[in-house]
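Work through the following exercises with the sequence and the model side by side. Each task is followed by a solution that goes step by step.

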Amino acid sequence: MAAAALSRRALLFGRTAAEEPALRAPWALAEAAFAARCTRCDACVRACGEGVLARGADGLPRFEATAGECTFCGDCVRACDTGALDASLSPPWELRAQVGPGCLPAHGVVCASCRDACPESAIRVPPGGRGAAWIDPALCTGCAACVGVCPADALALADAPLEAAA
């Protein structure tokens, strides 16, 4: 497999691989429309009481899943005057938590941090470290409450429309 070409800029900022696409705020328009409408004013970032929105390297707001839980309060939408965030979109996004191979119970270690943090009770963990955590996509809102508390960084959010996830 060929190594990815590394630009000086990427090296300077410590980026060694292709970056993951940014997770946007809840109710964000599709990426191209969002980028065209967003003025990079940071109003949504300042309005976020949970502190899970931050300015990305591209100047656009991004959702930081490891920073905590999105409560879907809507303050970011109310602060956005450009229409880049649209409260009429339902659901607010199609992100769902995904369990990766580093899940501690999958390796025989007792852990239920993600299950205990989940406000929707969408996560099941087999008792006694006998298998990986499992997420019910019908219950998962993609709030990311589980992501930051995982001691093994085994959880991430991914675009998973409910129809495809079921």
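**Exercise 1. Determine whether Ala65 is buried or exposed, and which residues it touches.**

Step 1. Ala65 has a relative accessible area of 11% and therefore counts as buried, where buried means under 20% relative accessible area, exposed over 50% and partly exposed in between, with a 1.4 Å probe and protein chains only.

Step 2. In the chain, Ala65 sits in the loop between β2 and α4; helices (H or I, at least four residues) and strands (E, at least two) are DSSP runs, numbered from the N terminus.

Step 3. Leaving aside residues up to four places away in sequence, Ala65 touches Leu23, Ala144, Val147, Gly148 and Leu157, a contact being heavy atoms within 4.5 Å. The C-alpha atoms of Ala65 and Ala156 are 7.6 Å apart, although 91 residues separate the two in sequence.

A note on the basis of these values: the model is predicted, so local features need pLDDT of at least 70 and side-chain atom pairs count only at pLDDT 80 or more, whereas totals for chains, interfaces and linings use all residues. Residues are numbered from 1 along each chain as its sequence is written, and side-chain values use heavy atoms, with hydrogens and water left out.

**Exercise 2. Describe the chain as a whole: which order do its elements follow, and what percentage of its residues is buried?**

Step 1. The chain has six helices and six strands, and from the N terminus on they follow the order α-α-α-β-β-α-β-α-β-β-β-α.

Step 2. Of the 166 residues in the chain, 36% are buried. The accessible surface, computed by the Shrake-Rupley method with a 1.4 Å probe and, for residues, with only the protein chains shown as cover, comes to about 9,500 Å², and carbon and sulfur atoms supply 55% of that area.

Step 3. Among the contacts with a separation of 6 or more, 63% are between residues 24 or more positions apart.

**Exercise 3. Find what links Asp58 to Arg24, and where in the chain each of them lies.**

Step 1. The two side chains meet in a salt bridge, at 3.1 Å from N to O; such a bridge is a side-chain nitrogen of Lys or Arg within 4 Å of a carboxyl oxygen of Asp or Glu.

Step 2. Asp58 belongs to the loop between β1 (53–55) and β2 (61–63), and Arg24 to the loop between α1 (8–12) and α2 (31–37), so the pair ties together parts that are 34 residues apart in sequence.

Step 3. Arg24 is buried, at 9% relative accessible area, while Asp58 is partly exposed, at 41%. Arg24, Glu31 and Asp58 are linked in a network of salt bridges.

Step 4. The structure holds six salt bridges, including one between Arg78 and Asp75 at 2.6 Å, N to O. Both of these residues lie in helix α4 (residues 75–79), three residues apart, or about one turn of the helix; Arg78 is exposed at 59% relative accessibility, and Asp75 is partly exposed at 30%.

**Exercise 4. Identify the nearest side chain of opposite charge to Arg96, and give its distance.**

Step 1. Arg96 is found in strand β3 (residues 95–99).

Step 2. Arg96 is buried yet has no salt bridge, and the nearest side chain of opposite charge is that of Glu94, 6.2 Å away; here Lys and Arg count as positive and Asp and Glu as negative, while His and the chain ends are not counted.

Step 3. A polar atom of the Arg96 side chain does lie 3.2 Å from the backbone oxygen of Pro137.

**Exercise 5. State how many aromatic pairs there are, and which residues form a cluster through ring pairs.**

Step 1. Rings of Phe, Tyr and Trp (its six-membered ring) pair if their centres lie within 6.5 Å, with planes under 30 degrees apart counted as stacked, over 60 as edge-to-face and the rest as tilted. By this rule there are three aromatic pairs.

Step 2. Trp27 and Phe72 form an edge-to-face pair, 6.3 Å centre to centre with 90° between the planes. This pair links distant parts of the chain, since Trp27 is in the loop between α1 and α2 and Phe72 in the loop between β2 and α4, 45 residues apart.

Step 3. Phe63 and Trp93 also form an edge-to-face pair, 4.8 Å centre to centre with 65° between the planes, and both residues are buried.

Step 4. Ring pairs link Trp27, Phe63, Phe72 and Trp93 into a cluster.

Notes: A polar contact is a pair of N or O atoms within 3.5 Å; within protein, one must be able to donate a hydrogen and the other to accept it, and residues adjacent in sequence count only if both atoms are side-chain atoms.
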